[in-house]
Amino acid sequence: MYDFTTVIDRHGTGSEKWHLIDESMGKGNDDVLALSVADMEFRPAPQIVDALVDSSRNDIFGYDYVTDDYRDAVVSWMSRHHEFEVDPAWISVSDGVMPAINVALRAFTHPGDRVIIQRPVYYPFTMAAERTGLTILDNELILGDDGRYVMDFDDLERKASDPRCTAIIVCNPHNPVGRVWTPDELRRLGDIAIENGLTILCDEIHADFAHPGHRVTMFSTLGERYARHCLEFTAPTKTFNLAGLLCSNVIIPDPELKRAFDVAAENIGGLTVSHFGLVACRAAYESAEGWLEQLRGVLSSNLAILRDMAGSCDGLRLIEPEGTYLAWLDCRGLGLDADGLRDLMRGTGRVYLDEGVLFGASGSGFERVNLACPTSMMERAASGIRDAALAASVAR
């Protein structure tokens with residue numbers, strides 16, 4: 001059994017998530033709970049810690065290269081967990097998924113080109129596109145009456161046919177709305193992209209988190225036609241709470257695409273992985289599956305707490321997640337603008353969340369809630385959100 005119950009005080013530890021409270025709200029708000037940035041409130045698996053301690057005692061921290069054993073660990077993980085048979089030669093490494101996506105945009109687009117993203121979506125996609133000099137074409141997701149987001153394929157076809165459009169960034173599972181795209185949805189997206197000559201950049205960093213009844217489809221497993229046109233961005237960092245160790249793996253089956261990506265990386269001085277990132281990734285993929293399995297149970301319990309709370313509050317609706325350890329909470333029924341909702345959650349609710357408007361205008365009125373915390377913390381957060389919703393109801 002692993003420890004997923006201890007509440008760890010991360011104030012003053014260099015945690016970005018907890019520092020944001022002081023930065024935004026000022027000192028004296030230590031009772032506010034941080035459920036925003038997508039890292040976890042859990043210590044990593046002891047197998048990973050043991051490997052890092054052993055490395056710190058015995059290794060020399062010089063320049064590293066990616067060993068065959070490291071690649072084999074990645075290949076084995078993808079095969080066991082995703083039925084994705086990866087050739088080790090397809091793997092390029094990076095210090096993170098977003099640095100790798102930034103490099104890919106430089107490899108496969110030019111300033112003035114257009115790129116498709118699907119808002120509300122992880123906001124660094126917007127930052128990466130804008131900093132590369134690209135125009136964003138927003139293929140906005142559609143929220144149905146059933147509370148489930150779907151892709152707007154008619155709009156996607158129109159935007160993909162734009163002669164200046166050269167790439168699309170896909171998020172699977174989708175952050176923040178929690179969709180796990182089905183094989184049919186991904187094939188249709190892939191067909192549209194391929195027919196219009198778009199390079200497909202597929203962020204699969206949350207691929208190890210699918211809720212019961214759902215299965216993540218790694219894009220290349222759709223078939224050779226699709227694998228030839230995509231780059232898949234993966235990492236152990238979300239799965240095992242290792243973001244600070246700077247490690248990700250880009251899987252690129254097509255040799256020409258891989259060559260172009262690697263050249264673009266070299267042109268900015270190269271992408272690399274820290275020594276401890278290499279050690280941690282291998283240890284995670286080789287020996288920490290039991291920790292992940294127990295974590296999934298905690299996430300399920302936390303989701304149930306949030307679901308029950310939202311179901312009991314007028315003005316709130318949980319968008320049922322199919323994947324990730326994030327939840328998308330529809331607060332539009334509270335009748336507040338984005339600033340008012342933010343202030344209500346932080347002031348009355350005493351919870352610091354990721355505001356939906358960060359993910360695009362279509363996210364306004366929503367909150368993203370990080371489920372990866374001890375259940376006692378989630379209970380406190382749910383109680384605070386309930387208090388905030390009640391206060392808004394009284395004010396109306």
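Me: In which loop is the place of Pro 120?
Reply: Pro 120 is joined to Arg 119 by a cis peptide bond with omega of about 0°. Helices (H or I, at least four residues) and strands (E, at least two) are DSSP runs numbered from the N terminus. On that numbering, Pro 120 has its place in the loop between β3 (114–117) and α5 (124–131).

Me: What kind of model is this?
Reply: Residues are numbered from 1 along each chain as its sequence is written, and side-chain values use heavy atoms, with hydrogens and water left out. Local features need pLDDT of at least 70, side-chain atom pairs count only at pLDDT 80 or more, and totals for chains, interfaces and linings use all residues; this is a predicted model.

Me: Which residue does a cis peptide bond join to Asn 172?
Reply: The bond has omega of about -5°.

Me: Is Gly 178 buried or exposed?
Reply: Gly 178 also has its place in the loop between β7 (165–171) and α7 (183–195). Buried means under 20% relative accessible area, exposed over 50% and partly exposed in between (1.4 Å probe, protein chains only). At 1% relative accessibility, Gly 178 therefore counts as buried.

Me: What is the relative accessible area of Glu 83?
Reply: Most residues other than glycine have a negative phi. Glu 83 is not a glycine, yet its phi is positive, about 50°. Its place is in the loop between α3 and β2 (91–94). Glu 83 is exposed, with a relative accessible area of 58%.

Me: How far apart are the C-alpha centres of domain 1 and domain 2?
Reply: The assignment gives domain 1 (16–44 + 289–395) and domain 2 (48–287), with bounds taken from an automatic or database domain assignment. Across the boundary, 30 residues of domain 1 are in contact with 38 residues of domain 2. The distance between their C-alpha centres is 26 Å.

Me: At what angle do α12 and α14 pack?
Reply: Axes are lines fitted to C-alpha atoms, for helices over the stretch in contact, with angles running from 0 to 180 degrees between N-to-C directions. Angles under 35 degrees count as roughly parallel, over 145 as roughly antiparallel, 65 to 115 as roughly perpendicular and the rest as oblique. α12 and α14 are therefore roughly parallel. Their axes are 10 Å apart, and the angle is about 15°.

Conventions. Contact = heavy atoms within 4.5 Å.
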